[in-house]
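Please keep the structure open as you read along.

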Amino acid sequence: MRIRNLLLSGVVFGSVAMASSISWSQTAPKVVYKPQGEWAVTRMAAKGPGKDPYCTMARRFGENTILTFARNAKDETSLAMDFQPNTLAKGQSYYVTLDAGSNEKRAFDVTPVSDKAMVIRLGQDIKFHDAL
């Protein structure tokens, strides 16, 4: 399964992303989460007609935070962060920065999908993925 191999090869991706800066505002301090446990890789079935299956790779980090990467057959990647307890204000926009190293940084204005989770759509960002 090609997607699974790509996700497994990206284990460093998750570790680096969680150890990178996750900034809630331009002046907020960096937050670093340490990994706990192992990566879990799962193949997800297509969610409807015309949709492709995809793979996810998830791992628990400090403060019961879960990081999940999803990658589809089009090589599009999404990153989901699930924070425990409920720490996000639904409807509020958060400024999030990710640093893959090799001078590949990305910044996003993200609106949470719930009071504890946000999803960042990275798309086909080959330079960022390769830097990880």
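1. Let me begin with tryptophan 39, a buried residue with a relative accessible area of 16%. Buried here means under 20% relative accessible area, exposed means over 50%, and partly exposed lies in between (1.4 Å probe, protein chains only).

2. A word on the source: this is a predicted model, in which local features need pLDDT of at least 70 and side-chain atom pairs count only at pLDDT 80 or more, while totals for chains, interfaces and linings use all residues. Residues are numbered from 1 along each chain as its sequence is written, and side-chain values use heavy atoms, with hydrogens and water left out.

3. How many aromatic pairs does a search of the whole structure find? There are 2, where rings of Phe, Tyr and Trp (its six-membered ring) pair if their centres lie within 6.5 Å; planes under 30 degrees apart count as stacked, over 60 as edge-to-face and the rest as tilted. Tryptophan 39 and phenylalanine 61 form an edge-to-face pair, because their ring centres are 6.3 Å apart and their planes stand at 70 degrees. Tryptophan 39 sits in strand β1 (residues 35-44) and phenylalanine 61 in strand β2, so this pair ties together parts that are 22 residues apart in sequence. Phenylalanine 61 is buried, at 1% relative accessible area.

4. Tryptophan 39 also pairs with phenylalanine 69: the centres are 6.4 Å apart and the planes at 50 degrees, so this pair is tilted. With tryptophan 39 in strand β1 and phenylalanine 69 in strand β3, the pair ties together parts 30 residues apart in sequence. Phenylalanine 69 is buried too, with a relative accessible area of 1%.

5. Now for the chain as a whole. It has 3 helices and 7 strands, running α-α-β-β-β-β-β-β-β-α from the N terminus on. Helices (H or I, at least four residues) and strands (E, at least two) are DSSP runs, numbered from the N terminus. Of the 132 residues, 37% are buried. Among contacts (heavy atoms within 4.5 Å) with a separation of 6 or more, 50% join residues 24 or more positions apart. The chain exposes about 7500 Å², of which carbon and sulfur atoms supply 51%; these areas come from the Shrake-Rupley method with a 1.4 Å probe.

6. The largest pocket holds about 580 Å³ of space. Of the 20 residues lining the largest pocket, Tyr54, Ala70, Asn72, Ser78 and Arg121 are the closest to its centre. The elements giving two or more residues to this lining are β2 (54-61), β3 (65-72), β4 (77-82) and β7 (117-123). On a 1 Å grid over the protein atoms alone, a pocket is an open set of points where a 1.4 Å probe fits, with protein on both sides within 12 Å along at least five of seven lines; lining residues have an atom within 4 Å of a point. The lining divides into 6 nonpolar, 7 polar and 7 charged residues. Asp, Glu, Lys and Arg count as charged, Ala, Val, Leu, Ile, Met, Phe, Trp, Tyr, Cys and Pro as nonpolar, and the others, Gly among them, as polar.

7. Two loop residues deserve a look at their backbone. Most residues other than glycine have a negative phi. Asparagine 64, in the loop between β2 and β3, has a positive phi of about 55 degrees; this residue is partly exposed, at 35% relative accessible area. Aspartate 75, in the loop between β3 and β4, also has a positive phi, near 60 degrees, and is partly exposed at 22% relative accessibility.

Definitions and conventions: Points joined across faces, edges and corners; volume = space filled by probe spheres on them.
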